[in-house]
Amino acid sequence: RDVAPSRGLGDVYKRQVPKHSYILHLSNLTRDQKKILESNQNMSLINSPETSDSSKVLNVKTSPKLKDLLEFIPKVDADRPLIYVENTKSQETIVKELKLMGYRVDLINGYCNVDEKNDIVTKFENGELDILVFNIKKSLSIKTSERIIFYDIPTMPQETLQISARIDRDNYDISKFYDFFCYAGSPEMVNIIPVSYTHLRAHET
């Protein structure tokens, strides 16, 4: 009898993995931000100015990206997003702003011990939290979120993959969303290039 040719594991894997949406959101640098980058290409000076200068303040007036992010959240809050934010000061600012908008938000970062992290994850999974802000790249799995928003763009593509997996481990059924907030014409655009080749569709906020 005729026997159908067997499919390789790679073909089966491609068939099982759902298609995800990768979206690039571009914000415009302010004049002051451009001046900073002319002398120093460190994006932390832009995304988390308080980290290097306590006199600087991150808010919607000084940060177009933060403004764009906060305006975007109500459009996707049903996805119960996770927001990747690298620096502590920016994490605290974003948590505060989201709480002012009425969201139930918590933060997972390197200062959380195992019990604290597990407690926050449990609350999120049980629907007691709407949004999580985080910066850990491993040892975190959130199956009830459909979206990760990158406020900061990792410099290494492998780190981006690790972060993306926080909502996509052992997932063969549900399409997920990955949003990357970048300043146009900034060093962040270099970090996003490896991802953009195959996954991103441009979307200006």
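These are my notebook entries on a predicted model of one protein.

**Entry 1: ground rules**

I worked with a predicted model, where local features need pLDDT of at least 70, side-chain atom pairs count only at pLDDT 80 or more, and totals for chains, interfaces and linings use all residues. Residues are numbered from 1 along each chain as its sequence is written, and side-chain values use heavy atoms, with hydrogens and water left out.

**Entry 2: overall counts**

I looked up the secondary structure first. The protein has 9 helices and 7 strands. Both are DSSP runs, numbered from the N terminus: helices are H or I with at least four residues, strands are E with at least two.

Next I took burial. Of the 205 residues, 43% count as buried. Buried means under 20% relative accessible area, exposed means over 50%, and partly exposed lies in between (1.4 Å probe, protein chains only).

The accessible surface comes to about 11,600 Å², and 50% of it belongs to carbon and sulfur atoms. That area is from the Shrake-Rupley method with a 1.4 Å probe; for residues, only the protein chains shown count as cover.

I also checked contact range. Contact means heavy atoms within 4.5 Å. Among contacts between residues at least 6 apart in sequence, 73% join residues at least 24 apart.

**Entry 3: strand 6 and its partners**

I then went to strand 6 (177-183). Of its 7 residues, 6 are buried, so I noted the strand as mostly covered. Strand 1 (residues 21-27) runs parallel to strand 6, with 7 bridges joining them. In that pairing I found Ser27 opposite Tyr183. Strand 5 also pairs with strand 6 in the parallel sense, over 4 bridges. Here Arg147 stands opposite Phe177. Two strands pair if DSSP finds at least two bridges between them.

Lys176 counts as buried because its relative accessibility is 2%. Its side chain makes a polar contact with the side chain of Glu146 at 3.5 Å. A polar contact is a pair of N or O atoms within 3.5 Å; within protein, one must be able to donate a hydrogen and the other to accept it, and residues adjacent in sequence count only if both atoms are side-chain atoms.

**Entry 4: salt bridges**

I counted 7 salt bridges in the structure. The criterion is a side-chain nitrogen of Lys or Arg within 4 Å of a carboxyl oxygen of Asp or Glu.

Glu188 pairs with Lys65, the closest N and O atoms being 2.6 Å apart. Glu188 is in helix 9 (residues 188-196) and Lys65 in helix 5, so the bridge ties together parts that are 123 residues apart in sequence. Glu188 counts as buried because its relative accessibility is 1%. Lys65 counts as buried at 0%.

Asp79 and Arg147 meet at 2.9 Å, N to O. Asp79 lies in the loop between helix 5 and strand 2, and Arg147 in strand 5 (residues 147-150), so this pair ties together parts that are 68 residues apart in sequence. Both residues are buried. A network of salt bridges links Asp79, Arg147 and Asp179.

Asp130 and Arg104 meet at 2.8 Å, N to O. Asp130 lies in the loop between helix 7 (114-125) and strand 4 (131-134), and Arg104 in the loop between helix 6 and strand 3 (105-108), so the bridge ties together parts that are 26 residues apart in sequence. Arg104 counts as partly exposed, at 40% relative accessibility.

**Entry 5: Asp77**

I looked up Asp77 in the loop between helix 5 (64-76) and strand 2 (82-84). Asp77 counts as partly exposed because its relative accessibility is 31%.

**Entry 6: helix 6**

Helix 6 (residues 88-100) has 13 residues. From first C-alpha to last it reaches 19 Å, close to the expected 18 Å. The expected span is 1.5 Å times one less than the number of residues. Its buried residues are Ser90, Gln91, Thr93, Ile94, Val95, Glu97 and Leu98. Gly102 follows the helix, with a positive phi near 100 degrees.

**Entry 7: Asn135**

My last stop was Asn135, in the loop between strand 4 and strand 5. At 18% relative accessibility, Asn135 counts as buried. Its side chain reaches the backbone oxygen of Glu86 at 3.1 Å. Not counting residues up to four places away in sequence, Asn135 touches several residues, including Tyr84, Gln91 and Ile108.
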